[in-house]
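Dear colleague,

Please find the structure below.

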2 protein chains.
Amino acid sequence: MNRANHLASRSPLHDFLAPRSVAVVGASQDPTKRGYKAMVGLVKQGFRGAIYPINPKAEQVMGAKAYASLGELPGPADLALICTPATTVPGLIRECGAAGVKGAVILASGFGETGEAGAALEAELLAVAREAGVRLIGPNTSGVFNLHHNLNLLALDNVKPGGVGIVSQSGNMLLSLALEAQHNGRVGFSTYVGPGNQTDIGFADYLRYLGEDAHTQVATLYVEGFQDGRHFLEVAREVTAAKPVVVYKSGATEAGQRSASSHTGALAGSYAMTVDLLRQAGVSVVQYSDEILPVAEGLELLQKARGKRVAVLADGGGQATIAADRLAEAGLTLATLAETTRARLAEILFPQASLANPVDVAGSSDADPLVLARCMEILAEDAGVDSVFLVGMFGGYSIRFADSLLGDEMRGAESMIELARRVDKPLVVYSLYAPIKPPALRRLHEAGLPVYYSIEHAVRALAALGERGAYLAADHARPEALARLPDPEAAFARARAEGRDLLEPEAKALLAEHGIRVPEERLVRDAAELAEVAAHFGTRSLAMKVVSKDILHKSDAGGVRLDLVGEAALVEAHDAILASCRAYAPEAEIEGVLVTPMAAKGVEVIIGVSRDPIFGPVLMFGLGGIFVEILEDVAFRAIPLSRHDARSMVAQIKAKKLFEGVRGGAAIDQAALVELLLRISQLVEAYPEIQELDLNPVIAYASGYAVVDARVIVARDGADASTDSTTRTEENLA
Amino acid sequence: MNRANHLASRSPLHDFLAPRSVAVVGASQDPTKRGYKAMVGLVKQGFRGAIYPINPKAEQVMGAKAYASLGELPGPADLALICTPATTVPGLIRECGAAGVKGAVILASGFGETGEAGAALEAELLAVAREAGVRLIGPNTSGVFNLHHNLNLLALDNVKPGGVGIVSQSGNMLLSLALEAQHNGRVGFSTYVGPGNQTDIGFADYLRYLGEDAHTQVATLYVEGFQDGRHFLEVAREVTAAKPVVVYKSGATEAGQRSASSHTGALAGSYAMTVDLLRQAGVSVVQYSDEILPVAEGLELLQKARGKRVAVLADGGGQATIAADRLAEAGLTLATLAETTRARLAEILFPQASLANPVDVAGSSDADPLVLARCMEILAEDAGVDSVFLVGMFGGYSIRFADSLLGDEMRGAESMIELARRVDKPLVVYSLYAPIKPPALRRLHEAGLPVYYSIEHAVRALAALGERGAYLAADHARPEALARLPDPEAAFARARAEGRDLLEPEAKALLAEHGIRVPEERLVRDAAELAEVAAHFGTRSLAMKVVSKDILHKSDAGGVRLDLVGEAALVEAHDAILASCRAYAPEAEIEGVLVTPMAAKGVEVIIGVSRDPIFGPVLMFGLGGIFVEILEDVAFRAIPLSRHDARSMVAQIKAKKLFEGVRGGAAIDQAALVELLLRISQLVEAYPEIQELDLNPVIAYASGYAVVDARVIVARDGADASTDSTTRTEENLA
C-alpha cells in the first residue's frame, strides 16, 4: 500500500475506540480495583452498547451478567479492557483473538519499561497479538475514553464531552487537565488514549484517528518518546492543515530524559531537534505543562488563526506593560495602529489615555465599562490588527467600583460576543477577576470567548494562534528529489565495494554534479602533478589537505597546511603532510593531497545531515565553530525541506545578526544559503546511500558561499538509509 | 548623617503608614468616587483612629462629621488621602503642612507621566511638600493599606491580614494578587503602597519600611522603574539578610519598556542589568507575573531556605519527568539519594517503583496514600536532600480510588505537617487535585505547607528558596577600596586640566600601580627611542598602536599594526601609522606609539565599568567580540563587588564552557579573572575620577591574563562620579 492511499484510508482505530461492545477482563465489585472503576465508567456513565464483565468468580458485576472467560461471550466484543497482571496478558490476547476482539486495552505494567524480562514478555505479547489479529493499546496505559460515545473506562467524574482529544503517556496529566478544565476552563474532551509503551500502536496512528474524529477540534498530546517519529511527522502535516495539534514533549533536560526513559522505556531523543521537527509539521509545541490546557482552549475556541500583530487594550498601565513584554518575548508584535483608529479611540477616551499600542484607557472605563467594548471594536476594525487582547479588570467593575455597573458590564460582554461573531479575528480576554467568575466573564465563557487567569497563559495562546496562522499561510510545497546521476552512483558503488566512505574529492564531485558550487580544487598524487598544479595556481594562497579513506581527522594527523604560496612551499608542505600522516597512521592508504585556493573570510556555517533512528533523515544548520560546540545554536528540519523550511531555519539562528553584517561588514547572501539547504535536502532524498553528510565549514559571503570541507558517510551495502521509516507501522495497520 | 546610621534609624514612614488619624480630602457619598471607596475602607473595615472627611458641601460622610477644609480639623491628621484633581494638589499639600499632616497619598494622575506641563506641576508639588514638611506617596498612586492597622484606603474586600507586604506601581497587579490569594493561596497581606511617580518617596524607602515592619514576612515589589536604584540596592542588601524580597521588574523587552515609561514616566533601564544587580543584593527576581504570588507564598511559608538539591517524590512517572525538567532548567539539582535511603524506600514500595530521584512509587500508594508520607520522611531524613517536592495526586486518592482512603489521606497530611515541623527543610506539594481543594490539601494549607496548582509554579518557589539559601550561605564581605596613589592622582589631574581622558599608557600605569598585571610595553616618541625599543625586544613579534588623546578609534585611523618582527618592520610600521593617523585626523596631537609583544592566543573577555544614572557604578564582564556584540552574553554587578560577586559573574556567562577549555585547549585561569574583577571594583571605588573604564580585550590564559587594551574616561572636573548616589533620598528623609 503506498503512503498516500494509506493516509487517505480511514483509521482502523475507529472500530474499537467507538466500540459497540466492551469486555472487561478482571471486572470486580471491589471499589479499590481498576476492574471496578471501569465497570462504573461503563454502567453508571451510560455506555449504550453491550457490557461483558469477565470474572470466573462472579455471577454478575454491577448488574451486568458476568462470564467466566472471553470464550463464553454471547456476541463479539469490539474492545476488551484487560485489568489483570502482566503475565496473564499474552494468554488473554490469544483468547481475545478467538472471541473476535478488535482492540485490547492493557493496563498492566511490568513490560519493557522494567528491564530485560519485561521486554521479552512484551515481544511475546506483540507476536501473539499479530497472530491473533488483535490491536493493542498499551501495555502500561492508564486507559481510554470516548466521551461522545459514552465510553469512559477511566470512570472520570466531571469530564464533559467536548472538542479536545488527548493522547498522553501520563495518566496524571490527563487527570490534571480534566480537573483544570472543570475549574478554570470551558473545554470538554472527545477521546483520550494512554499509549503506554506503544508496543503496537504509536502516536502517529492515534493522531490520525483524532484527525479523522469529527468530535475532536484540537488534538493534544503529552509525549515522553516517539517510537514512530517519521510517520508521526507525516500524519501531523496532514492533520495540522485541518485542525490544531498541541504537543507537550517531556525530556527538555538530561534529568527529564532519564526520568522519562525509566517511565515508559522510550528513548527521549534530542529535545531541541524534536521541537524543531514538530513545528516544521505545523504542531503547536508548548514548553510548560501548565500551558497545555490554556493553549488547547485558545486554539479550540479561536480557530480563526491569523497573524502576529496584536492590539493590547488595558485599563491599567502595569498589566499593559506585562502584556507587551510577554508578547514581544513570544515573537508577537504590537500592531501599529492606523491614524483613523487612534482618532476614533481619542473620541471616546480621556485625554490622559495612551493611544499607542498598548492602549491604556487610563480611567476612561472606570465609570463606564462599555467603553472597553467600544475600544475593542475600533481595534478589531483596524486592518493592521490580527487579534485583540483585553487586559485588566473587565468583569470586576461592578465589584470594584459600583454595583450599578453590572448592567453595563453585561452589555459590554454581549457587545464583545457580537463582535467576535462579526470579525474574523481572535479576541482574547485576561481578567484579574477570572478566579471569582463574575457574571460578565461567565457570559463570555459561555459564548465561547476564552477568558484567561494569567497574562502569561493568554499570551501563549495568542502566540500559538499567531504561529498557526503563519504556518497555514506559508507554502509548504517540497521541491522534487534530484535525479540520480551515473558518476555519483558509481562513486557510491566503489566506496561500498571498498567498505569506505566517500573521499573528499568524491563528496565534492557529488555536490558539484548536482549544482552546488564547490571551490576549484585539484587532487595531487605525485611530484609531476604537484608541479603542474603549482603552475596552474601561480601566486595564489593555497590550502593543502591529505586525501585518505583511513584518515578522518585530517588536522589531528598533521594532514592540513594553509596559506601556501608558490611551488617551493607546496613541495615542502606535500612532503611534510605525507611524513606526518605516515607517522600518524602507518597503515593508512593515502590517495594524495587536495590543493585549493584559501577561502576568503566570511561567516562560517555548518550543514549536517544524519539519519535519526526515530525521525529519519534530518538536516541541521548552524553557525560554525564555537557557536555549534558551545552554544548549540542550530536548527533542525526533517528532510525533505520546503523552501519555507529552509528560510525559517536560517531565521531561527539566535546569532543571526551575524548574517546581517557586523562591524561594518556586509550582510551575507541568505538566499544562496537557502538554495544550498534545499539542494542538500533534495540530494539526500535522491541518494539513500548517504548515511551522514557534513559540510563544515561552509563560508557564507555577501554573494554566494564556499564549501570548504565536505564529508559523506556511506550507508553500508544493503542497508540503504530510507527516507521512509514508516514501514513497520504501515505493516501493522495493513 | 552617614549611611550606616541612616539605615539603622527607624523609617519615618511608620508615622503615616500606621497613622492614628486620617483625613480624606474629597470624601464623598457617591459610590462611584474614590472618596467614597476610601471612606468605606476606613469606616466599614474598622479603622480605629480618627477619621476626618473633608468636603465643603457635606455635613457628614458615612456617619463621620465632615469638615470644609483641612484647616478646620479638631486634631492632627497623620495621613491625608487626596482624591481631588491634579491642579488642586499643591494647594492642598500646603494646607496639609499647616494642619500637621505627616504624609499625603495623592491619587490624581496628570503629572510628569503626561508631559512637560505635568512635569512642571510635579516639580511645584515637590517643592511645596518640602516647604510644608509633608511626605508624598504618589502622585498617580492607587493608594495604600495597612491591614494589621485596619487601614484600607482601597476598600479591598476579602484581603486578610498576613505576612506579604506589597509595593506596586500597578494597582491592577495588587488587585490581581489579592484575588489570586483569595482563591488559590493562603497568603494574607500586611502593607500595600502604590509608589506612583515616586516624586518624593521611592522604592528604597518603602522597602526599608517593609524590612522594619514586624508584620511583613516577605516584601513583594512590582517595579516599572527605580528612581533611587543605588540606594535601593543598599537597602535590599540589609533587608534580604533578614527576610525575603521578591521583585517583578517590568520592561523585559523594548516593547515593555516603552509601555512602562508611558505609564509612570520612569526610565526602565536595561532589564538584564537591573536583574543582575537585584540578585546581587539577594533579591528573588521573578520573571513572569503569574509567579509572583506562588514565589512570595513559598518564601513566606518556607523561610528555611537551604540548598538546591531537591528530592522529587511522585505517584506518576509523567509528572515526575515534568518536575525533573523544570528543576534542571531552574538551576536546581536532583539530589543523589544515599544507599540507605534507597534501601528504606525499597522496603515500603512495589518492586517496579523507581528508587532513583525522581522517586516514582509506581502504584505503591494507590491503595495506601500513607506510603507517600512515609517516603517523604525517608527522603527528608537523607542528609544529601535539601528539600522534598511531592508531585501528583495526593489529596485526591479518596476521590480517584475509593472513599475509604480519606482517613489515610488525612493521616498522611498530619504526618507531613509533623515532618515539616521536625525537619528543617522545605516540603513542597504540587497536587493535580489542588483546584478542587480536597480535605487533605486544605489541612496542609491550614498548617502552613504550600500546595501548588502548577508544577511550574512550585518549581519557581523551590528555585527561589534554593537561591536564597545559597545567597545567605555565601560570604558577601567586600574588600576595602584601594588607597589612592600619587602618580595616578597626578595623571587624572593632568587629564582634567587638559580636558582629555587618560592616554593608554596612563590607563595601564594606573592598573599596574594597583597590582594589575599589564603586558610590558614601551612608549616610543621618536626614531632614537624606536631603535632602542627594537633592540630591547629583539626578534619577538610586536604590536604597535598610536597614542593620542584625539584618536579614540585607533584601528579606524590606521593606528594599529600587528605581528611586527625586527627593527625594519618597526620603522616601516611607525612611519605608516603616523602617516595614516595624520591623514585621518590632521589636527590630532600624537604622543607617540606604544610597542608591546603580541599577546598569545587565549580566550578574549571584556571588562567594562560605567556609571549608571540609576544604579551608580556598575561593572560588566563578558566574552569578547561577537559574544558581546551579538549575543549580549554579559554579567553585571554593582560596585563594590564581593569576591562572591566576582565568582558568580564568571559563572553566569552562558558560553562559560569556553573557560573550561574547548577543542582540547586548557581551562583558563578563572581565579586570576576573579581577582582582576575585584581589583577593578576596588580601583573604581578609590578613584571617583573614573567615569568609564574599558579593558577590551583582556586575554585569559591557562595561567593569568593579558590586558591588551585599556581605556579610562575621566569624569569632568568637579563632577566626580561618586559611588554613593543616595544623597538626594537621604536628604529627603533627613
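A residue is called buried if its relative accessible area is under 20%, exposed if this is over 50%, and partly exposed in between, as computed with a 1.4 Å probe on protein chains only. Helices (H or I, at least four residues) and strands (E, at least two) are DSSP runs, numbered from the N terminus. The model is predicted, so local features need pLDDT of at least 70 and side-chain atom pairs count only at pLDDT 80 or more, while totals for chains, interfaces and linings use all residues. Residues are numbered from 1 along each chain as its sequence is written, chains are lettered from A and ligands numbered from 1 in the order in which they are written, and side-chain values use heavy atoms, with hydrogens and water left out.

Two copies of a chain are related by a rotation about an axis and a shift along it. Here, chain B can be laid on chain A with an RMSD of 0.1 Å by a turn of 180° and a shift of 0.0 Å along the axis; the superposition is by least squares on the C-alpha atoms of residues with pLDDT of at least 70 in both copies. The two copies are thus related as by a two-fold rotation axis. Of the interface residues of chain B, 100% are also interface residues in chain A, so the copies meet through the same surface.

Ser170(B) lies in the loop between strand S10 (161-168) and helix H6 (171-183) of chain B. Is Ser170(B) buried or exposed? Ser170(B) is buried, because its relative accessible area is 2%. Contact means heavy atoms within 4.5 Å. Leaving aside neighbours within four places in sequence, Ser170(B) is in contact with Gly318(A), Gln319(A), Tyr192(B) and Tyr222(B).

Phe537(A) belongs to helix H21 (residues 527-537) of chain A and counts as buried, at 3% relative accessibility. Not counting residues up to four places away in sequence, Phe537(A) touches Glu520(A), Arg522(A), Leu542(A), Val595(A) and Pro597(A). Phe537(A) and Arg522(A) are 15 residues apart in sequence and 9.9 Å apart in space, C-alpha to C-alpha.

A sheet in chain A

Two strands pair if DSSP finds at least two bridges between them. An open sheet of seven strands in chain A has the order S9-S8-S11-S10-S12-S13-S14, with mixed pairing. Its edge strands, S9 (151-152) and S14 (284-286), each pair on one side only. Within chain A, strand S12 (residues 218-223) and strand S13 (residues 245-249) pair in the parallel sense over five bridges. Tyr222(A) has Tyr248(A) in S13(A) as its bridge partner.

Nonpolar cores and cysteines

A nonpolar core is a set of buried Ala, Val, Leu, Ile, Met, Phe, Trp, Tyr and Cys residues joined through side-chain atoms within 4.5 Å. The largest nonpolar core has 193 residues, and those with the most contacts inside it include Phe189(A), Leu444(A), Phe189(B) and Leu444(B). Apart from this core lies another, of 63 residues, including Phe47(B) and Tyr209(B).

A search of the whole structure finds zero disulfides over all chains, a disulfide being a pair of cysteine sulfur atoms within 2.5 Å. For Cys83(A), the nearest cysteine sulfur is that of Cys96(A), 12 Å away. Cys83(A) counts as partly exposed at 22% relative accessibility, whereas Cys581(B) is buried at 0%.

Yours sincerely
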